[in-house]
Amino acid sequence: MSAVPGISPRTSGSRPRRKADPVKIVSFITLVVTTFLMLLPLFFMVSTSLKSKREMLKFPPTFLPESWEWSNYTEIFDTLQFGTLYKNSLIIAILTVIGTLLSSALVAYGFARYRGKGNQLWFMLLLSTMMLPYPAIMIPQFILFSKLNWIDTFLPLIVPAFFGSAYNIFLLRQFFTTLPEEMFDAGRIDGCGELRMWRKIALPLSAPALATVAIFAFIYSWNDLLTPVLYLSSSDKFTLPLGMSSLTSSRFRIPPWHLLMVASVLAMLPIVALFAVAQKQFVEGIVLTGIK
């Protein structure tokens, strides 16, 4: 069979060669370099946590440990009450997440489902509280909690979470407004009250947004240093950031930076684990809360 003029014959199984896209190549190289720069401090933290105190003070600093000091990870428990610090931070963070989810989800549901008079006004007043800096309310809060005899307890760190958060209410409210009205109409036909529809319809459908709020609340509570400094004075009630800050205090002639890096690595593990478990819901929640 003769070849068609103007068309070159192809052998069976041959595929057309794709031309390299310069934009994709540059984008890939940029992502690789950016990822490397972002991971470099993390690598340096892990590397320093495995160095001896003598090697840590060397100049220029070594990139990898000359001798791998795995004993640093047991020494931190002797230097600090690290197990107690970890337990206190976990208790506060978990209860803060529970309180934030319950209160913020309930208030956000009310703002999303009810269209009564003054709804938008109250919602704008709620959002305006986000512009108040914490130092503006720090002293009145301290006076209030001292009158309640809550100083040197976990209550000032936990109880405020059960009264909602403006940012989290806004995030959940945006998600609740995207839920189909037909589902709630079907619930009313079946005899569901508003609280039952909130529990049986709204919350199960809002898992991505709830996961996002839970991660934000956990990270904020886990990393919080200012509030424990204000309200906690007993060492057995210290949280992880408060205990780690004591490693740079004047009781050390030279701060044990290698132990501080060990504490930082161990403190990072719950956040990494939480994000790894809820990564899909977290990304989906961030995307969907901006779509109406």
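Trainee: Which residues does Leu240 touch, not counting residues up to four places away in sequence?

Mentor: Contact means heavy atoms within 4.5 Å. By that rule, Leu240 touches Phe82, Leu85, Tyr86, Ser89, Trp222 and Ala267.

Trainee: What kind of model is this, and how are residues numbered?

Mentor: Side-chain values use heavy atoms, with hydrogens and water left out, and local features need pLDDT of at least 70, side-chain atom pairs pLDDT 80 or more, while totals for chains, interfaces and linings use all residues. The model is predicted, and residues are numbered along each chain as its sequence is written, from 1.

Trainee: Which residues touch the most other members of the largest nonpolar core?

Mentor: A nonpolar core is a set of buried Ala, Val, Leu, Ile, Met, Phe, Trp, Tyr and Cys residues joined through side-chain atoms within 4.5 Å. Buried means under 20% relative accessible area, exposed over 50%, and partly exposed in between (1.4 Å probe, protein chains only). This core has 25 residues, and those touching the most other members are Ile76, Phe82, Trp222, Leu240 and Leu266.

Trainee: Which helix gives the most to this core?

Mentor: Helices are DSSP runs (H or I, at least four residues), numbered from the N terminus. H3 (72-79), H4 (82-113), H11 (207-223), H13 (240-245) and H14 (257-277) each supply at least two residues of this core. With eight residues, the one that gives the most is H14.

Trainee: How many salt bridges does the structure hold?

Mentor: A salt bridge is a side-chain nitrogen of Lys or Arg within 4 Å of a carboxyl oxygen of Asp or Glu. The structure's count is four.

Trainee: Is Arg188 buried, exposed or partly exposed, and why?

Mentor: Arg188 also meets Glu181 (3.4 Å) and Glu194 (3.8 Å). Because its relative accessibility is 37%, Arg188 counts as partly exposed.

Trainee: Which residues do salt bridges that share partners join into one network?

Mentor: Asp185, at 35% relative accessibility, counts as partly exposed. Glu194, at 26%, counts as partly exposed too. The network joins Arg113, Glu181, Asp185, Arg188 and Glu194.
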